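Subject: Structure handover

Hello,

Here is the structure for your files. My notes follow below it.

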Amino acid sequence: MSAPTGSNIPRRFKKQPYGGWKKDTPAGSTADARLLDTQRSSDFTHTDPWRVMRIQSEFVQGFDALSDIGPAISVFGSARTKPENPHYQSGVDVGRLLAEAGVAVITGGGPGSMEAANRGASEAGGLSIGLGIELPFEQGMNQWVGLGVDFRYFFARKTMFVKYAQGFVVLPGGLGTLDELFEAMVLVQTSKVTQFPIVLVDSAFWSPLLAWIKDTMVAEGLVSPGDLDIVQIVDTPEEAVALVMSGKAGLRVAEG
Ligand SMILES: CC(C)=CCNc1ncnc2c1ncn2[C@@H]1O[C@H](COP(=O)(O)O)[C@@H](O)[C@H]1O
C-alpha cells in the first residue's frame, strides 16, 4: 500500500508538522466543547459513527433482554397469513406445543404466522417473545407478545433469533421467511452453529424448493448433497415440535 500523497486524503484532514494527517478542527474548538455545545445541529445522528453506536446499543439491549429466557425456539412464517388460513392454526399449535414442552417461543413479533405462534405460546402460559422490526408500514407488535424487543436493524435482530434459540420451526412464508431460513441454513452449513434443527412445516409448500435445490444446485455442484439434510420437512405441528425438541432444546429443558 502506498503512503498517502495528499491527493487522496479527504479535505477535512490537515497535514501535521510531524508529517501525518489529522482531522481538522475549528480553531479553539475541543471535543469537550463540541459535545457540550447545544447549538449544534442534529445532523450528526445520521452519520455512520453515530449509527455504529446505535447498532451497538441494539445488541446490548437484545442481549440484556434475552440472556436469561432459558431454552427457546424461533418460529418464522408469513406476516400475511390470515387467521382463517390453516397455516395460522398450525402456528398457534406450534406455539402451544412448544410452550407445553417448556420452551420460550421467539417470533418477529408481527402479524400472520408470527402472531399465531405468539398466541399459541401465550394461551398455553408460556414465554411469548417478539423481536419487532421498524418498517415503513409499521404495524406494531402483535397483542400476544409477552416480552417484546424492538429493533431498527434486521441484522442485529437476526443475531438474536439464532443466539437465543436452539432450533427453528419455519411455517410457509415469503421473502422474509426465506431470508431467515437461508441464513440459518448457511450458519449450519458453515458450522457456525451446530446441532441446530431446522424444521419446515408443510411438505406441499416446501418440497418444490428442496427439489429445486437438489435438481439444480446439487446437480451443478453448488451445494453438497449432504446439505439437504440441514432441514427436515414435516406436515404437522406435533412432528415439528417433536423434532425440534429432540436436539439441544430438549437437552436444555431436561437440564433445567
Ligand atoms: C403485513 C406486513 C407485511 C407486515 C410486516 N410486519 C412485520 N413485522 C415483523 N416481522 C416481519 C414483518 N414482515 C416480515 N417480517 C420478518 O420476515 C418474516 C416474514 O416475512 P414474509 O411475510 O415471509 O415475507 C418474519 O418471520 C419476520 O421476522
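The largest nonpolar core has 47 residues. Such a core is a set of buried Ala, Val, Leu, Ile, Met, Phe, Trp, Tyr and Cys residues joined through C-beta atoms within 7 Å. Buried takes 20 or more other C-beta atoms within 10 Å, exposed 12 or fewer, partly exposed in between, with C-beta atoms placed from the backbone. Ile 73, Leu 98, Val 105, Ile 106, Val 169 and Val 170 have the most contacts inside the core. Helix 3 (residues 86–100) gives the largest share, 6 residues. Helices are DSSP runs (H or I, at least four residues), numbered from the N terminus.

This is a predicted model: local features need pLDDT of at least 70, side-chain atom pairs pLDDT 80 or more, while totals for chains, interfaces and linings use all residues. Residues are numbered from 1 along each chain as its sequence is written.

Beyond four places in sequence, Ile 106 is in contact (C-beta atoms within 7 Å) with Ala 72, Ser 74, Ile 129, Leu 131, Phe 161, Tyr 164 and Ala 165.

Helix 5 (residues 154–163) and helix 6 (residues 175–189) pack at about 60°, axes 11 Å apart. Axes are lines fitted to C-alpha atoms over the stretch in contact, with angles from 0 to 180 degrees between N-to-C directions. Helix 5 contributes Lys 158, Phe 161 and Val 162 to the contact; helix 6 contributes Glu 180, Glu 183, Ala 184 and Leu 187.

Lastly, Ser 207 lies in helix 7 (residues 203–218). Ser 207 is exposed, with 12 other C-beta atoms within 10 Å. Its C-alpha atom is 7.8 Å from that of Ile 233, 26 residues apart along the chain.

Best wishes

Notes: Helix = DSSP H or I, 4+ residues; strand = E, 2+ residues; numbered from the N terminus. Contact = placed C-beta atoms within 7 Å.
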